[in-house]
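Please read the following note with the sequence and the model side by side. The points are meant for someone who is new to reading structures.

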Amino acid sequence: MQTLAHGGHGPGPWILFFPLIWAVVVVGVVTVLRRTVRLGRGAPWGGGDGRATGDAPIAVLGRRFASGEIDEDDYRRRLAVLDERFGGKDVAV
């Protein structure tokens, strides 16, 4: 432990804080990157609803209509139900 002794014979005990500082920096960067990736997928961090944009009910309904699984009347009826349920915030006609 002579290398940790202060008084001209070593760097002193403050040298132990450098690995701690780097660990905090690395954990902070990893946390920010993970939250940014989640935000890009529409996760709850940042106010999303936790679903990916492509899996939103409106998107699924639009895909089904575009592929011909449902007709226009059925599409509009289901869209009205979703509009009523979600308050129109996700509805784009």
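The numbered points below go from the whole chain to single side chains.

1. This is a predicted model, in which local features need pLDDT of at least 70 and side-chain atom pairs count only at pLDDT 80 or more, while totals for chains, interfaces and linings use all residues. Residues are numbered from 1 along each chain as its sequence is written, and side-chain values use heavy atoms, with hydrogens and water left out.

2. The protein chain contains three helices and zero strands, and its pattern along the sequence reads α-α-α. Helices (H or I, at least four residues) and strands (E, at least two) are taken here as DSSP runs and numbered from the N terminus.

3. Of the 93 residues in the protein chain, 13% are buried, where buried means under 20% relative accessible area, exposed means over 50%, and partly exposed lies in between (1.4 Å probe, protein chains only). The protein chain exposes about 7,300 Å², and carbon and sulfur atoms supply 63% of this area; accessible areas come from the Shrake-Rupley method with a 1.4 Å probe, and for residues only the protein chains shown count as cover.

4. Which residues make up the largest nonpolar core? This core has seven residues in all, namely Ile 58, Leu 61, Ile 70, Tyr 75, Leu 79, Leu 82 and Phe 86. H2 and H3 each supply at least two residues of the core, and the largest share, four residues, comes from H3. A nonpolar core is a set of buried Ala, Val, Leu, Ile, Met, Phe, Trp, Tyr and Cys residues joined through side-chain atoms within 4.5 Å. As background, nonpolar side chains in soluble globular proteins tend to be buried together.

5. Rings of Phe, Tyr and Trp (its six-membered ring) pair if their centres lie within 6.5 Å, and planes under 30 degrees apart count as stacked, over 60 as edge-to-face and the rest as tilted. The count by this rule comes to one aromatic pair. It is formed by Phe 65 and Tyr 75, which are stacked at 4.6 Å centre to centre with 25 degrees between the planes. The pair links distant parts of the chain, since Phe 65 belongs to helix H2 (residues 57-67) and Tyr 75, ten residues apart from it, to helix H3 (residues 72-86). Phe 65 counts as partly exposed because its relative accessibility is 34%, whereas Tyr 75, at 12%, counts as buried.

6. A nonpolar patch on the surface, with about 1,200 Å² of accessible area together, includes Trp 14, Phe 18, Trp 22 and Val 24. Such patches are made of residues with over 30% relative accessible area and no salt bridge, like charges being joined within 9 Å and nonpolar side chains (Val, Leu, Ile, Met, Phe, Trp, Tyr) within 5 Å. Val 24 has its place in helix H1 (residues 17-40), and it is exposed because its relative accessible area is 56%.

7. How many salt bridges does a search of the whole structure find? The search finds four, a salt bridge being a side-chain nitrogen of Lys or Arg within 4 Å of a carboxyl oxygen of Asp or Glu. One of them joins the side chains of Glu 72 and Arg 76 (3.2 Å, N to O), which are separated by about one helical turn because they are four residues apart in helix H3.

8. Asp 74, which counts as buried at 13% relative accessibility, meets Arg 77 in a salt bridge (2.3 Å, N to O). Asp 74 also forms a salt bridge with Arg 78, with the closest N and O atoms 3.1 Å apart. Through salt bridges that share partners, Asp 74, Arg 77 and Arg 78 are joined into one network.
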